Amino acid sequence: MSTLHGHVAAPGEANATRDAEGAGGGEAGTMSSGHVARRGEIDVSHSVILYLEEITVAFDGFKALDALSLSIDDGELRAIIGPNGAGKTTMMDVITGKTRPDKGSAFLGQTMDLTRMSEPQIARAGIGRKFQKPSVFEAASVLENLWLACAGERGWFSSLRQRLAPGQRERIDQAMETVGLAPERERLAGTLSHGQKQWLEIGMLLIQDPKLLLLDEPVAGLSDEETERTAQLLRALAGRHSLVVVEHDMHFVEQLQCKVTVLHQGSVLAEGDLASVQNDARVIEVYLGR
Ligand code: ADP
Ligand code: MG
């Protein structure tokens, strides 16, 4: 079977072309070890979805991450805070395969070694990432944006020309409902508020049904009301998804009502509920007290 974008791999088939196409929602990805990782096959038998151990990333000798260890439970919502340069974005780069660690291990569930998987393989295995700046198609409607988010599966061209595959319409409606944009379905994305664009992009990620969602500063530049709604949305997504949220806005972090990890100089300085880390003398010194 082929599309405008070339070959469509059968489930389980190793295919470099398919990898180069980017983060689709395909059903199978092949790890470099030869093991085939299927969606929904993440082994969370120990209740851990993400496990980073002693991760070190050095840029010209400077350690952006310095023996960072972190574990996220299946279905957990976790906030990561820390001063600029603490290594938060680098950590996400390691998890998504954009940056290879110099040392340490990174596992999705018990068995998937993220340090041996390509970025598209990691995306297909079930890790979605939202960058700080919303990247929606401004000239397309809310509905069309979500529609295009399904395109990873069949190629853009066929998605635009063909009817939606069974189940896709439901997934689109569900995502639109979840992020609260159903009333705006026909609106051009370019006319949405900044917050609505962020929600639309989260909706586009949800189409792929990621097991683990990484969000980098999702409320930067949002109004108080939008910030509150975003916190509600992320809390509602926890359970079905695991979420790691990097954020500076302490008011927002408070609304997330979740465990907080404080990063400093590339490793974990403190971890616990917000009140306990806010009262930690070391945290006050490096971050909150400034
Ligand atoms: P945060 O997201 O917590 O602000 P980053 O992960 O972006 O921190 O950066 C951590 C440190 O690593 C910073 O000092 C930054 O300048 C450095 N850094 C990040 N990426 C690179 C890179 N590609 N080359 C060199 N230094 C980098
Ligand atoms: Mg950053």
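Is S13 mostly covered or mostly exposed? I found it mostly covered, with five of its six residues buried. I call a residue buried if 20 or more other C-beta atoms lie within 10 Å of its own, exposed if 12 or fewer, and partly exposed in between, with C-beta atoms placed from the backbone.

**Ground rules.** I am working on a predicted model, where local features need pLDDT of at least 70, side-chain atom pairs count only at pLDDT 80 or more, and totals for chains, interfaces and linings use all residues. Residues are numbered from 1 along each chain as its sequence is written, and chains are lettered from A and ligands numbered from 1 in the order in which they are written.

**Whole chain.** I counted 11 helices and 14 strands in the protein chain. Helices (H or I, at least four residues) and strands (E, at least two) are DSSP runs, numbered from the N terminus. Of the 290 residues, 42% count as buried. I took two residues as in contact if their C-beta atoms, placed from the backbone, lie within 7 Å. Among contacts between residues at least 6 apart in sequence, 66% join residues at least 24 apart.

**Six-stranded sheet.** I traced an open sheet in the order S10-S11-S12-S7-S13-S14, with mixed pairing. Strand S10 (127-130) and strand S14 (267-272) are the edges; each has a single partner strand, so one side of each is left without a neighbour in the sheet. Neighbouring strands here are turned by 20° against each other on average, direction ignored. Two strands pair if DSSP finds at least two bridges between them.

I went through the pairs. S11 (residues 212-216) and S12 (residues 242-246) are parallel over five bridges. Leu215 has Val245 of S12 as its bridge partner. S7 and S13 also run parallel, joined by four bridges. There, Ala79 stands opposite Val260 in S13. S13 and S14 are antiparallel over five bridges, and Thr261 stands opposite Glu271 in S14. These two strands form a hairpin with two residues between them. Gln265 in the turn has a positive phi of about 45°.

Eight bridges join S5 (residues 48-59) to S6. Leu52 has Leu70 in S6 as its bridge partner. I fitted axes as lines to C-alpha atoms, for helices over the stretch in contact; angles run from 0 to 180 degrees between N-to-C directions.

**Ligand 1.** I listed its surroundings: Phe59, Ala64, Gly82, Asn84, Gly85, Ala86, Gly87, Lys88, Thr89 and Thr90. Near means a C-beta atom, placed from the backbone, within 6 Å of the molecule or strand. H2 gives the most to this shell, with three residues.

**Helix H7.** H7 (residues 194-206) has 13 residues and reaches 19 Å from its first C-alpha to its last, close to the 18 Å expected at 1.5 Å a residue. The expected span is 1.5 Å times one less than the number of residues. I found 12 of its 13 residues buried, among them Trp199 and Met204. The buried residues pack against S10, helix H4 (142-149), helix H6 (168-178), S11 and helix H8 (224-237).
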